[in-house]
Amino acid sequence: MPGLLDTLLGQEPAVATLRRALAADKVHHAYVFDGPDGVGKEMAAFGLAQALLCERRGTTVEGARGLFGPEPPIVFPTTEACGTCSACTRSLLRAGEKRPVHPDLVVLERGLYEPSQIGRRTPETQDISVDQVRTLVLARAAFGPHEGRAKVFIIRRAEELGISAANALLKTLEEPGNRVHFLLLSSVPDRLLPTIRSRTQRLRFAPLPAATVAQILEKEGKSNEEALRLSARSEGSLARARQLGDPAATATRDEFVARARDALRQNSILPALAIAEEGKKEKAELGVLLDALAIAFAEEGRAAALDGDGADRAAVRFSRVLRATRELDRNASPQLTVEALFLELRG
Ligand SMILES: [Zn+2]
């Protein structure tokens, strides 16, 4: 079984950078993996973590005694996780799990832990709390690896680190201790505190080529035709393509469009504001919802044009939704963008 890094498609420059660092034993102690959602940042982070934790990487194992004498020794490369040792298997996420079982691979994410696990009374609704950083990082980073080769912290949506959480991390990011690594993931790295940015090395992940998205979708069981159709609308994000091809997500989109239209018909502003809550969703997911709304307005416009009535309004709405999606792409705050959009659509 190959290492995870070896199976990552479409991110050759980033992977090559990581391999060079592994080969030279110069893996930086703190990276920001930045790029759109759903292009492989997280897979690369788990791949790098796996390589750092692998028990066999860069070693030579004596050959077993075979039927015809001793077999040649196996030499594991320094750039690759072996993919099969216990550390390698435990570094991977099992289906449906958001955390691996390896004690030296720690994942931080807003809301990932029960409040009581991180010494809180209330759930983390706004940001990654200082409590999470204290419990998971500060209490552990100082002691170095549990089992052996490294200790790795992966922070999902690192821009959600609260100010006090980020400040609590700074000292550790500066002097992380031997073989301790931080991998911060973000699709909006500009929103990281400058103090965090200056202490981390940035590694960019580009949108995936459509052909790569199609290739992965086919491997996942989509027909060639479906894979091509979805990849063409994916904007280089596998997450987005999967969303578009997921029947449950289709129901969610239909429901969102129905709710949005209903909110725009009401006199009260409250239903429209309630929709702004959708801004808390993952950005890839929100983008898909807004696209569905834009398509709905476009269809409304076409239908209205045939009747000769209301086509202008639909056209204006369509362009406003498109503008909101562009603002999201330019890293505007999702919640404020959706709120402003719905206030405008009502006007
Ligand atoms: Zn291994």
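User: In this predicted model, T200 lies in the loop between which two elements?
Analyst: The structure discussed here is a predicted model. Within that model, the loop that holds T200 runs between α7 (194–197) and β9 (201–204).

User: Is T200 buried or exposed?
Analyst: Residues under 20% relative accessible area count as buried. The relative accessible area of T200 is 13%, and T200 is therefore classed as buried.

User: Which backbone oxygens lie 3.0 Å and 3.1 Å from a polar atom of the side chain of T200?
Analyst: At 3.0 Å from a polar atom of the T200 side chain lies the backbone oxygen of I196, and at 3.1 Å lies that of R197. Leaving aside neighbours within four places in sequence, T200 is also in contact with H28, A30, Y31, V32 and L173. The two backbone oxygens asked for belong to I196 and R197.

User: Where is R110 placed, and which side chain does the side chain of R110 join in a polar contact of 2.9 Å?
Analyst: R110 sits in the loop between β6 (105–108) and α5 (130–141), and its side chain reaches the backbone oxygen of T125 at 3.0 Å. Leaving aside neighbours within four places in sequence, the contacts of R110 include Q132, R157 and K280. The side chain joined to R110 by the 2.9 Å polar contact is that of E160.

User: How many residues apart in sequence are the parts that the pair of E109 and R156 ties together?
Analyst: E109 and R156 form a salt bridge whose closest N and O atoms are 2.8 Å apart. Because E109 lies in the loop between β6 and α5 while R156 lies in the loop between β7 (151–155) and α6 (163–174), the pair ties together parts of the chain whose separation in sequence is 47 residues.

User: Are E109 and R156 buried or exposed?
Analyst: The cut-off for burial is a relative accessible area under 20%. E109 has a relative accessibility of 4% and R156 one of 7%, so E109 counts as buried and R156 likewise counts as buried.

User: Which elements hold E80 and R19, whose side chains meet in a salt bridge?
Analyst: The N to O distance in this salt bridge is 3.1 Å, and the pair links distant parts of the chain, 61 residues apart. E80 is buried at 16% relative accessible area, whereas R19 counts as partly exposed at 23%. E80 is in the loop between β5 (74–75) and α4 (86–90), and R19 is in helix α2 (residues 12–23).

Terms used
Residues are numbered from 1 along each chain as its sequence is written. This is a predicted model: local features need pLDDT of at least 70, side-chain atom pairs count only at pLDDT 80 or more; totals for chains, interfaces and linings use all residues. Side-chain values use heavy atoms; hydrogens and water are left out. Helices (H or I, at least four residues) and strands (E, at least two) are DSSP runs, numbered from the N terminus. A polar contact is a pair of N or O atoms within 3.5 Å; within protein, one must be able to donate a hydrogen and the other to accept it, and residues adjacent in sequence count only if both atoms are side-chain atoms. Contact means heavy atoms within 4.5 Å. Buried means under 20% relative accessible area, exposed over 50%, partly exposed in between (1.4 Å probe, protein chains only). A salt bridge is a side-chain nitrogen of Lys or Arg within 4 Å of a carboxyl oxygen of Asp or Glu.
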